[in-house]
Amino acid sequence: MTETILEMRGITKTFPGVKALQDVNLTVRAGEIHAVVGENGAGKSTLMKVLSGVYPYGTYEGSIHFLGKECRFSGIHDSEREGIVIIHQELALVPLLSIAENIFLGNEQARFGVIDWNLARRRAGELLRKVGLAEDPDTLITNIGVGKQQLVEIAKALAKEVKLLILDEPTASLSEKDSDALLNLLVEFREHGIACILISHKLNEVGKVADRITVLRDGRTIETMEKEQISEDRIITSMVGRPLDDRFPPRQPKIGDVIFEVRNWLVHDPVHPDRVAIRNVNLNVRRGEVVGIAGLMGSGRTEFAMSVFGRAWGTGVSGEVLLHGKPVDVSTVGRAVDRGVAYATEDRKTYGLNLIDHIKHNISAANLKGVSTAGVIDDIRELNVANDYRKQTNIRSSSVYQVTGNLSGGNQQKVVLSKWLFADPEVLILDEPTRGIDVGAKYEIYTIINRLAEQGKAILMISSEMPELLGVCDRIYVMNEGRIVGEMPASEASQEKIMRMIVRGDAREEEEQKVRAAS
Amino acid sequence: MSTETAVTAPTPARDSAQSAIKQNLREYGLVLALIAIMIFFQWQTGGVLFKPVNLTNLVLQNSYIIIMALGMLLVIVGGHIDLSVGSVSGFVGAVAAVLMVQYKFDPVLTTLICLVVGGLIGASQGYWIAYMKIPSFIVTLAGMLVFKGLALWLLGGMSVGPFPREFQLLSAGFIPDFFGPWTVFGTPLHATTLVIGLVIVAAMLWFALRSRRARESHGYSAEPFSLFVIKNAVISAMVLFLIYMMASYKGLPNVLIVMGVLIALFVFVTKRMTIGRRIYAMGGNVKAAALSGIKTERLTFFVFVNMGVLAALAGLIFAARLNTATPKAGLGFELDVIAAVFIGGASMAGGVGQVAGAVIGAFIMGVMNNGMSIMGVNIDWQQVIKGLVLLGAVVFDVYNKNKA
């Protein structure tokens, strides 16, 4: 039996009007990867904020013991001194500083305030080797991808001599390959005796690496599972409090004629206008059909969608967009919306919502004409619309006057969807509609998608989660490096098949088919 | 279908009432702060502040700041800043002087030309900000220097005046009394002013009641009735008090009419019109607004054109008040205007701010200027105190936001 290094006992944290945590217990053993899972709003982040001292001692009830002594952190500095380091979902790196500068930010390799750059670079190099990142320490953060930035964050934690590493949704914005690399790194750390708390929504990766799993629900500990007890079904049951028979709601597809078609779409990179970013994309979506676009991060899916939606991305765009077989002008966002094309972004905080304003104003934002006469807004009509969509999409909030910045990810996503539903599009492009949201909310989003398809809308859905594409779509396009490299009905698709297309590209796929046909 | 997915939602009615109070808490606080400051100076100045002649002066002294604050509110809510408004108003005053005094232009024509000039200045700055994405701070800082210089050049470094009588009326005139003075308790009162005041209050109450009825008829209760009554009673009392004071002096100044119409217009634009809503959406998250089909560039451009026109109007009023255009006109106005908007609760980051707040903010600054001058506080200490009030108001805002 390995020793326990962290024991949180009876943690209760109350916010005005809400009990965010109620009598939560969590123990972490030396050198284990301990996953904490739960729906959004279950209290995971609050618990981690209590542990890392963001909520100082005295603002919560209960006790924390770390390495045998009781901890009374008054701030994040105290917990870091003890070796507890938290890496938040939103990375805390300064984009225009170098990797080395970021690693030692607030912890500079300095004597009397003068930085020893040689020492800093040498140590940064050592740390980068440890996390398996082959980059020059002088490279600016802004010039490396999110996956590598995540590794820099971990190197930064290592520089602080971390004993317990807390990762909040580390793989949410990583491609599968980068996620795997990150998880392998955690396994490696385990061998060196660094314990890790991993918060994640991705149950498959949790199942892969975790030694134990604690499930939180509604601010309480539901159970802690040992390695041999872990199964996806059991986790889901504990998370949602009921067995979830099917993760995807059933649908009887009623597919009609082609509504939406893109022909020979070609887009150049806005930063390097001589570079072709999207090459000769052809695709179509029929009435009542849900069409998926599979691909890795950076395969050009979002860029393609945004370039179609009012040239919101890219430059030197050529090609045709057809609605009901007729070419339409979608060269500005306003025109695209007017013609009946909507795009719900993958990044709801940056591109989707006005976070300082409330639900009502966000829902009407894309269709103010729908609640106004001659430029004058009808307050009552707007309120009715907002309440109606709040009910339809099941947004959990105190009222439509709640500020969207205070909503959980799933509910924010529902507000974004409501906004576009109210704009009443014929074609709805959904970019990662379930990123970073929990199992229960995902199910609700799928239900909304099904309902829209039933109403005869054409839905184009971009997703990095292949099971989701397989479970929701009727047809799937595969995209890689700005090109469509494959197309198949969902009934014939599998994760392996999609992956193979991505890895090999279309040319080889064709060759292979020829070979197969010949043999 | 929707009934299946409906959760047991808390009654929207009660929550909208609570949030209505919460949302407006700051505005109520601001009104109370203004009343407290006025009472303080009334006491400190031995009753001079509330003398009819002084109240009238207070309005005249602050009219141009308030008019510019209306435009600045839109600029700041839209996520920008305009440092050039002082120089622009000074420059437009100079243009008016040259046209009327040297070229003998008609005052009405001059006024129109000057407003167009203001709009063109706003457009020339807005173009760089909206379409070329140059930060507004830099563009308008440049504009501040450019138009200060142009005003100096235009006036040849000298004061130009006086203006024709009709033009002076813009600032110094009062509305004529159509009904003749009424004498109440031995005081002759300006009858037309009283009538206008009563009509305004009646209209305000009627609109407030009507919108409340409309909400109730759709099953939403607006705010607790007691709160509704108190709020409207306080506002009506303040308006009537001001009107009574004006009536017992020379009646309503022309400027106050212009100002009142503009305030009402901007309240309507920001609260009820789609263009107002779009400015808030743009200031809150410009990328999300653009991806919702809002033409953010054109909107930014419009906001600066509007600011330019209002700065021009303010410049005309100020010139008419002094009855001369001086190279120093407009100096430092931008700071008072920006301070008024921030005291009124706008956020530097954009997306937050109310017209009513900006107007009350301007009055708070104005009453402090006026009160301290009467008390004989030196100009140096006046600056210190005004600066601290600005800081205090914003600290109060940030503190409240963090607590919530």
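Which residues of the largest nonpolar core touch the most other members? In this core of 182 residues, they are A:I459, B:M68, B:A69, B:M72, B:L73 and B:V341. A nonpolar core is a set of buried Ala, Val, Leu, Ile, Met, Phe, Trp, Tyr and Cys residues joined through C-beta atoms within 7 Å. A residue is buried if 20 or more other C-beta atoms lie within 10 Å of its own, exposed if 12 or fewer, and partly exposed in between, with C-beta atoms placed from the backbone.

The model is predicted: local features need pLDDT of at least 70, side-chain atom pairs count only at pLDDT 80 or more, and totals for chains, interfaces and linings use all residues. Residues are numbered from 1 along each chain as its sequence is written, while chains are lettered from A and ligands numbered from 1 in the order in which they are written.

**Nonpolar cores**

Leaving aside residues up to four places away in sequence, B:M68 touches B:V85, B:L310, B:A311, B:A314, B:F333 and B:V337. Contact here requires C-beta atoms, placed from the backbone, within 7 Å. In soluble globular proteins, nonpolar side chains tend to be buried together.

**Helix α7 of chain B**

The buried residues of α7(B) are B:F167, B:L170 and B:S171. They line one face of the helix, because seen down its axis they fall within an arc of 85°, the arc being that of the directions from the helix axis to the C-beta atoms. These buried residues pack against α3 (52-77), α4 (85-102), α5 (107-130), α10 (254-272) and α13 of chain B. The loop between α6 (136-155) and α7 (165-172) of chain B holds B:P162, which a cis peptide bond with omega of about -10° joins to B:G161.

**Domains and the contact between chains**

Domain bounds come from an automatic or database domain assignment. Chain A has four domains: domain 1 (1-83 + 161-245), domain 2 (96-160), domain 3 (251-340 + 425-519) and domain 4 (352-424). Chain B has domain 1 (29-173 + 253-399) and domain 2 (175-252).

| Domain pair | Distance between centres |
|---|---|
| Domain 2 of chain A and domain 4 of chain A | 43 Å |
| Domain 1 of chain B and domain 2 of chain B | 26 Å |

Each of the two domains of chain B gives eight residues to their contact. On the side of domain 1, α3(B) gives the most, with four residues. By class, that side has six nonpolar, two polar and no charged residues; Ala, Val, Leu, Ile, Met, Phe, Trp, Tyr, Cys and Pro count as nonpolar, Asp, Glu, Lys and Arg as charged, and the others, Gly among them, as polar.

The contact between the chains takes 31 residues from chain B and 32 residues from chain A. On the side of chain B, the largest share, six residues, comes from α11(B). This side has 14 nonpolar, 11 polar and six charged residues.

**Backbone features of chain A**

A:E169, although not a glycine, has a positive phi of about 50°. A:E169 lies in the loop between β9 (164-168) and α6 (176-191) of chain A, and counts as buried because 20 C-beta neighbours are inside 10 Å. A:H324, also not a glycine, has a positive phi of about 55°. A:H324 is partly exposed, with 13 other C-beta atoms within 10 Å.

Key
Helices (H or I, at least four residues) and strands (E, at least two) are DSSP runs, numbered from the N terminus.
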